[in-house]
Amino acid sequence: MVIHLQGTVTADTELDWENQLTPREIVSELDRYIVGQHKAKRAVAIALRNRIRRQKLSPEMAEEVAPKNIIMIGPTGVGKTEIARRLAKLARSPFMKIEASKFTEVGYVGRDVESMVRDLTEIAVDMVKEEATRRVHNRAERNVEQRLLDLLLPSMPQPAMPGDQTPGAVKGGELSGTREKLLAQLQAGKLEDRSVEVEVTESGMPNMQIFTNQGVENMGIDVKQMFPGLFGGKKKRRKMTIGEARQHLLEDEETKLVDMDRVTRQALERVQHSGIIFLDEIDKVVGGQSSHGPDVSREGVQRDILPIVEGTTVQTKYGLVRTDHILFIAAGAFHISKPADLIPELQGRFPIRVELESLGADEFVRILTEPQNALIKQYEALMATEGIELTFSEEAIRELAEFAALVNSRTENIGARRLHTIMEKLLDEISFEGADLRQKTVEIDKDYVKRMLADIIEDQDLSRYIL
């Protein structure tokens with residue numbers, strides 16, 4: 001599914017709004033990658049569908065319809081981030097995840113909250129530029145072929161007057177035929193190792209990147225536009241193979257063909273109407289009972305976040321960005337605090353609350369096997385690159401799930417992330433010896449799982465460090 005915004009229609013992204021995915025279909029798509037958490041999937045599916053509905057309203061009414069921001073409540077590793085990330089990918093929306101705890105109140109050392117909007121804008125520009133580059137790719141390739149021919153042969157002379165039998169006329173015809181032969185060889189990849197001289201631009205003053213990183217960028221200033229001479233670099237001729245030159249010239253041609261002004265306009269529109277910001281660890285900026293010290297700063301962070309979520313205008317180096325219709329999805333474990341501890345104004349800007357369920361052995365079995373990107377499928381594919389056929393019995397998968405649930409119950413509950421640690425430990429020997437294994441068919445059964453993991457899990461002190 002691809003979503004575009006009004007005013008950003010292009011040849012390959014134009015959509016029929018009537019045929020967009022329904023909430024039920026959105027949940028079905030999320031089910032391909034995420035096990036369980038049906039309530040959270042329903043909530044984000046409705047939020048996405050409401051965006052599509054908003055596009056069909058009159059401009060006056062659409063301006064009044066604010067996004068219904070969401071708070072996801074649940075322990076780490078249960079799928080909060082993955083749901084938001086997959087939703088953004090499904091909607092082709094600019095998406096950024098940021099930990100709320102990285103922000104600090106104005107007057108303290110740390111990132112200011114407006115930087116998340118600037119970062120999201122950068123992501124949108126890169127996204128739209130990539131789409132535009134794909135559209136001009138074939139045309140750029142044709143231009144590159146002609147430039148490579150010009151490097152291999154001089155430009156063809158002007159044709160002689162009719163009846164003129166000067167050597168130049170004959171040479172022009174011969175040159176034309178030679179170019180055609182060279183073009184055929186280029187397209188067949190037979191000249192990739194031949195050397196040519198290409199004019200390249202060396203970047204000037206690379207250390208200036210440090211200057212442009214955070215402080216100046218946070219003011220929405222593009223130093224490269226203010227002082228183009230500092231970063232323009234100088235041109236020089238360099239020898240390289242046809243294969244290297246092709247890639248260099250392709251990037252150059254694509255840059256020429258992409259209209260960056262149009263890219264910027266479309267990116268700004270996409271951020272403002274389709275952007276998604278995932279605020280993780282929102283519970284870390286909730287103050288406790290104390291009214292002094294760090295808690296004051298935490299409440300200050302909430303008050304700094306509030307205008308962004310309510311709707312304000314942020315200066316970026318690409319232009320002004322309004323945040324009124326950016327969708328904010330916040331998430332936190334809320335072990336010590338609760339959403340009601342957020343300042344009232346911020347609570348009101350997150351009207352949808354969804355509690356995600358903890359994961360047990362049954363869910364772990366499904367996570368290991370069902371999703372399109374299931375862990376077992378990943379490891380089987382990795383080992384297949386070295387000719388090893390890796391298989392898991394059903395009993396082994398169940399044993400793995402039981403071990404993961406047991407370790408989570410005894411130590412810190414990190415949800416499905418525990419499976420990554422256990423799988424790495426389980427396959428340590430096979431991964432290390434993979435290229436040297438004589439037996440190319442390896443079946444992981446229940447006994448193998450017990451042999452590799454049982455001792456570690458029984459020693460609770462050791463399991464805290466290993467698993």
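Buried means under 20% relative accessible area, exposed means over 50%, and partly exposed lies in between. The exercises below use these cut-offs on a predicted model.

**Exercise 1**

Task: Decide whether E345 is buried, exposed or partly exposed, and find the partner of its side chain.

Solution:
- Step 1. The relative accessibility of E345 is 36%, so E345 counts as partly exposed.
- Step 2. The side chain of E345 meets that of R303 in a salt bridge, at 3.6 Å from N to O.
- Step 3. E345 belongs to helix 13 (residues 344-348) and R303 to helix 12 (residues 294-310), so the pair ties together parts 42 residues apart in sequence.
- Step 4. R303 has a relative accessible area of 40% and is therefore partly exposed.

**Exercise 2**

Task: State how many salt bridges a search of the whole structure finds, then describe the one between R92 and E131.

Solution:
- Step 1. Searching the whole structure gives 23 salt bridges.
- Step 2. In the bridge between R92 and E131, the closest N and O atoms are 3.1 Å apart.
- Step 3. R92 sits in the loop between helix 4 (80-91) and strand 2 (95-99), while E131 sits in helix 5 (residues 115-152), so this bridge ties together parts that are 39 residues apart in sequence.
- Step 4. E131 counts as buried because its relative accessibility is 2%.

**Exercise 3**

Task: Find what the salt bridge between E122 and K317 ties together.

Solution:
- Step 1. The closest N and O atoms of E122 and K317 are 3.0 Å apart.
- Step 2. E122 lies in helix 5, and K317 lies in the loop between strand 6 (313-316) and strand 7 (319-322), so the pair ties together parts that are 195 residues apart in sequence.
- Step 3. With a relative accessibility of 29%, K317 counts as partly exposed.
- Step 4. Salt bridges can also form a network, as R147, D252, E253 and K256 do.

**Exercise 4**

Task: Locate Q37 and list its contacts beyond its neighbours within four places in sequence.

Solution:
- Step 1. Q37 is in the loop between helix 1 (23-31) and helix 2 (38-55).
- Step 2. Q37 has a relative accessible area of 4%, so this residue is buried.
- Step 3. Once the neighbours within four places in sequence are left aside, the contacts of Q37 are V78, I83, L356, E357 and L359.

**Exercise 5**

Task: Name the residues of the negative surface patch and say which element gives its largest share.

Solution:
- Step 1. The patch is made up of E386, E424, D428, E429, E433 and D436.
- Step 2. Helix 18 (residues 428-433) supplies three residues, the largest share of the patch.
- Step 3. D436 is placed in the loop between helix 18 and strand 11 (441-444).
- Step 4. D436 counts as exposed because its relative accessibility is 65%.

**Exercise 6**

Task: Describe the place and accessibility of E281 and of F334, each a residue with a positive phi that is not a glycine.

Solution:
- Step 1. Phi of E281 is about 55°, and phi of F334 is near 50°.
- Step 2. E281 is in the loop between strand 5 (276-280) and helix 12.
- Step 3. F334 is in the loop between strand 8 (327-332) and helix 13.
- Step 4. E281 has a relative accessibility of 25%, so E281 counts as partly exposed.
- Step 5. F334 has a relative accessibility of 9%, so F334 counts as buried.

Note on methods. Residues numbered from 1 in each chain as written. Predicted model: local features only at pLDDT ≥ 70, side-chain atom pairs only at ≥ 80, totals over all residues. Heavy atoms only, no water. Helix = DSSP H or I, 4+ residues; strand = E, 2+ residues; numbered from the N terminus. Buried < 20%, exposed > 50% of the residue type's maximum accessible area, 1.4 Å probe, protein only. Contact = heavy atoms within 4.5 Å. Patch = residues over 30% accessible without salt bridge, like charges linked within 9 Å, V, L, I, M, F, W, Y side chains within 5 Å. Areas by Shrake-Rupley, 256 points an atom, 1.4 Å probe, with all protein chains shown as cover. Salt bridge = Lys/Arg side-chain N within 4 Å of Asp/Glu carboxyl O. Lys, Arg positive; Asp, Glu negative; His and termini not counted. Charge placed at Lys NZ, Arg CZ, Asp CG, Glu CD.
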